Amino acid sequence: MARQVLDQREKNEIKKLYDSGETQERIAEKYGVSQATISNALRFGGNWAHQKEGEGMSINESKNQSKGKTLLIIGNGFDLAHGLHTSYADFLEYSKVYLKICYKGYIGSFYQNRDDILQDFLNRFNKVSDEEDIQMNQLPLYNEIVYAYNDFYDPKGPSQSDISHPGYHDIVDMCSRLHENAWYNYFWNVYLTNVSGEHKWVDFEHEIRDVIQWIDDPEKKLTPQSSYSKLYNDYIKSLSKDDKFRHFFDDMWRFHGGKVRLDMTLAEYSELMYDELRRLTEALEIYLSAFIDYDENVSPIKKIQEMSPDYVLSFNYTDTYRQLYDKDDSCEYCYIHGECRKKDYNDSSSKIVLGIDEYLDDKDRDERNNYPTFKKFVQRVRYHDPSNYMDWQNKMKDAWDSYHVSSDVWVFGHSLDTTDKDVLRMFLQPEYTRVHIISNANDRNDSGRLITRLIPIIGEDCLIQKAGANPARLEVI
């Protein structure tokens with residue numbers, strides 16, 4: 001009969017063996033005790049209380065008894081799962097309608113005075129609604145538009161409060177940033193080529209990266225000190241008229257002819273490109289702040305309600321989780337790309353990040369980092385430096401080092417694209433995290449895509465090790 005008592009010296013030895021990777025079965029055989037005794041010793045053998053993952057302890061029990069943490073990582077799919085129109089495609093579709101209301105076509109005279117634009121805005125409303133495929137009653141602020149439209153033609157005349165309704169100011173301010181914007185037109189051209197039946201998509205980050213990498217192609221042998229004329233004469237002019245890059249550079253020249261000069265450096269030209277991108281970023285912030293409504297039709301998801309995370313790491317600009325699940329503000333938040341302001345967002349000082357990942361290898365990023373302002377890590381430092389997620393990582397690591405327990409990382413609605421790999425890797429790769437990735441139940445191929453996208457983030461060896469552990473430390477559900 002196996003003995004059931006271990007002294008403290010043996011318990012300490014057992015902990016060291018277990019930490020080194022030895023199994024409970026082999027440790028039990030070595031000390032002549034049952035596996036239950038080894039399990040109890042690891043769990044209650046000292047102030048380093050530990051339990052092997054998956055052995056009878058629920059996620060909440062593990063977190064409470066052994067100080068493991070729970071992190072929820074969310075991407076735009078989280079908002080879309082709640083029926084919110086927050087995708088880049090939604091932004092393009094809705095803004096197109098507003099641009100047609102505010103302007104005579106996409107390019108034309110703009111009424112700078114907000115009061116002057118009201119009448120033209122309202123006069124265009126019915127005409128545009130007949131021309132667009134999108135149903136006007138689905139547009140954000142639709143009811144406010146209709147109210148003001150009817151009131152404008154009231155015999156008594158509109159009230160001053162109606163004329164200065166903030167909904168109109170939001171639309172005008174958004175459209176003023178998108179009108180004659182080369183990036184906006186570029187995204188539109190790409191978006192239209194990607195439309196396939198009901199599937200409509202565009203990835204702003206990927207498209208920005210394509211442009212920057214095209215300019216920064218080593219084979220061109222151009223530097224930020226090279227003249228724009230060399231880029232234009234040697235490369236842009238040779239592109240076909242239908243090429244997406246040609247459209248972009250032509251629009252930059254057309255919209256900013258007074259600023260774009262052949263003798264300017266590429267560093268100066270890239271500053272114009274970046275200023276143009278920030279105008280679009282500000283327009284996107286206005287759209288998400290003013291037009292997304294968390295009404296009674298937006299319902300919480302049961303799986304998320306049951307999660308009770310300690311931390312929420314959001315790659316979104318919206319605060320959907322806080323609005324729907326955390327009324328008492330019990331979680332810690334990090335908006336890694338910045339959070340949309342609820343007011344005062346028309347002062348051209350947006351803090352949200354819209355950029356690209358690091359596309360250079362370790363050697364080149366130090367020697368040839370030519371256009372860093374477009375990169376997300378630079379923008380994060382420049383605009384808001386959300387460093388609290390690093391504190392979370394330290395607490396998870398401390399829980400592992402002190403108690404030898406894992407923290408749980410849930411991923412919902414993030415595509416696992418490599419543009420965010422520098423942050424994702426911090427939580428998906430370490431040995432002290434158990435990773436749970438929630439796939440799209442309506443897309444049978446989604447789980448396969450997510451697993452494939454994990455490889456460049458955590459590496460093939462880590463993926464195999466985590467998924468093959470017993471019990472598994474990585475699952476796609």
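A polar contact is a pair of N or O atoms within 3.5 Å, where within protein one atom must be able to donate a hydrogen and the other to accept it, and where residues adjacent in sequence count only if both atoms are side-chain atoms. This tour goes through a predicted model, in which local features need pLDDT of at least 70 and side-chain atom pairs count only at pLDDT 80 or more, while totals for chains, interfaces and linings use all residues. Residues are numbered from 1 along each chain as its sequence is written, and side-chain values use heavy atoms, with hydrogens and water left out.

**First stop: S87**

Select S87, which sits in the loop between helix 5 (76-81) and helix 6 (88-102); helices (H or I, at least four residues) and strands (E, at least two) are DSSP runs numbered from the N terminus. From here the side chain of S87 reaches the backbone nitrogen of D90 at 3.0 Å. Is S87 buried or exposed? S87 counts as buried because its relative accessibility is 16%, where buried means under 20% relative accessible area, exposed over 50%, and partly exposed in between (1.4 Å probe, protein chains only). Once neighbours within four places in sequence are left aside, S87 is in contact (heavy atoms within 4.5 Å) with N76 and L80.

**The whole chain**

Zoom out to the protein chain, which has 23 helices and six strands, and of whose 477 residues 51% count as buried. Among the contacts in the chain with a separation of 6 or more, 70% come from residues 24 or more positions apart.

**The nonpolar cores**

A nonpolar core is a set of buried Ala, Val, Leu, Ile, Met, Phe, Trp, Tyr and Cys residues joined through side-chain atoms within 4.5 Å. Select M174, W183, M273, Y321 and F374, which touch the most other members of the largest such core, a set of 80 residues. Helix 15 (residues 266-290) gives this core its largest share, 13 residues. A second, separate core has 29 residues, including L71, C334, L424 and C462.

Now centre the view on F374 and, leaving aside its neighbours within four places in sequence, look for its contacts, among them W183, I208, I212, M273 and Q379.

**Salt bridges**

The whole structure holds 21 salt bridges, each a side-chain nitrogen of Lys or Arg within 4 Å of a carboxyl oxygen of Asp or Glu. Side chains of opposite charge can pair when their charged atoms come close.

Select R246 and D250, whose salt bridge has its closest N and O atoms 3.2 Å apart. Because they are four residues apart in helix 14 (residues 244-255), about one helical turn separates R246 and D250. R246 is buried, with a relative accessible area of 7%, whereas D250 is partly exposed at 30%.

Finish at D420 and K376, which form a salt bridge with the closest N and O atoms 2.8 Å apart. D420 lies in the loop between strand 4 (407-412) and helix 21 (421-428) and K376 in helix 19 (residues 376-383), so this pair ties together parts that are 44 residues apart in sequence. Both D420 and K376 are buried.
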